[in-house]
Amino acid sequence: VSNAQYRVLRLIKQGNSISEISDELGLNYYTVREHVRNLRDLGHVKTARGRRSEVLVDLRRVRPAGFKG
């Protein structure tokens with residue numbers, strides 16, 4: 001995963017919504033939503049309409065090399 005996707009993944013793990021993640025990272029809502037979609041397609045996140053997303057992977061296993069943050 002990319003550094004940006006990893007940041008989103010960590011915030012999902014903490015229970016944040018897409019809107020909250022967008023505010024926290026200073027990213028556009030739709031950019032964060034696209035990161036969540038890509039993470040879902042990779043099998044790292046489970047999403048359900050109207051509910052918070054759930055992380056399905058150990059964050060230590062997908063941490064990008066050299067990640068700082």
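At 15% relative accessibility, H35 counts as buried. This residue is found in helix 3. The model behind these values is predicted.

**H35 and its partners**

What does H35 touch, leaving out residues up to four places away in sequence? The list is A4, Q5 and V8. H35 and V1 are 34 residues apart along the chain, and their C-alpha atoms are separated by 9.9 Å.

Take Q5 next. Q5 lies in helix 1. Its relative accessibility is 11%, so Q5 counts as buried, the cut-off being under 20%. With residues up to four places away set aside, Q5 touches H35, N38 and L39.

**Helix 1 against helix 3**

These residues belong to a wider contact. Helix 1 spans residues 3–13, and its axis lies 10 Å from that of helix 3. The two helices pack at an angle of about 85°. That makes helix 1 roughly perpendicular to helix 3.

Which residues meet here, from helix 1 and from helix 3? Helix 1 supplies A4, Q5, V8, L9 and I12. Helix 3 supplies V32, H35, V36, N38 and L39. By class, the contact of helix 1 with helix 3 has seven nonpolar residues, three polar ones and no charged ones.

Helix 1 has other neighbours too. Its buried residues are Q5, Y6, V8, L9, L11 and I12. What do the buried residues of helix 1 pack against? They pack against helix 2, helix 3 and helix 4 (59–62), and also against strand 1 (45–46) and strand 2 (54–55). After helix 1 comes G15, with a positive phi near 95°.

**Helix 2 against helix 3**

Helix 2 covers residues 18–25, and helix 3 covers residues 29–41. Their axes come within 9 Å and cross at roughly 115°. The crossing is right-handed.

On the helix 2 side, the contact is made by I18, S19, I21 and S22. On the helix 3 side, Y29, V32, R33 and V36 take part. By class, this contact of helix 2 with helix 3 has five nonpolar residues, two polar and one charged.

At 34% relative accessibility, E20 counts as partly exposed. E20 touches G15 and R52, again not counting residues up to four places away in sequence. G15 is the residue with positive phi that follows helix 1. How far is E20 from F67, C-alpha to C-alpha? The pair is 22 Å apart in space and 47 residues apart in sequence.

**Salt bridges**

Side chains of opposite charge can pair when their charged atoms come close. The count here comes to two salt bridges.

| Salt bridge | Closest N and O atoms |
|---|---|
| R37 with E34 | 3.8 Å |
| R40 with D41 | 3.5 Å |

Where do R37 and E34 sit relative to each other in helix 3? They are three residues apart, so about one helical turn separates them.

D41 has 60% relative accessibility, so D41 counts as exposed, the cut-off being over 50%.

**Putting helix 3 together**

Helix 3 meets helix 2 through residues including Y29 and R33. Helix 3 also holds R37 and E34, which form a salt bridge.

Notes: Residues are numbered from 1 along each chain as its sequence is written. This is a predicted model: local features need pLDDT of at least 70, side-chain atom pairs count only at pLDDT 80 or more; totals for chains, interfaces and linings use all residues. Side-chain values use heavy atoms; hydrogens and water are left out. Axes are lines fitted to C-alpha atoms, for helices over the stretch in contact, and angles run from 0 to 180 degrees between N-to-C directions. Helices (H or I, at least four residues) and strands (E, at least two) are DSSP runs, numbered from the N terminus. A crossing is left-handed if the near helix is turned anticlockwise from the far one by less than a right angle, and right-handed if clockwise. Contact means heavy atoms within 4.5 Å. Ala, Val, Leu, Ile, Met, Phe, Trp, Tyr, Cys and Pro count as nonpolar, Asp, Glu, Lys and Arg as charged, and the others, Gly among them, as polar. A salt bridge is a side-chain nitrogen of Lys or Arg within 4 Å of a carboxyl oxygen of Asp or Glu. Buried means under 20% relative accessible area, exposed over 50%, partly exposed in between (1.4 Å probe, protein chains only). Angles under 35 degrees count as roughly parallel, over 145 as roughly antiparallel, 65 to 115 as roughly perpendicular and the rest as oblique.
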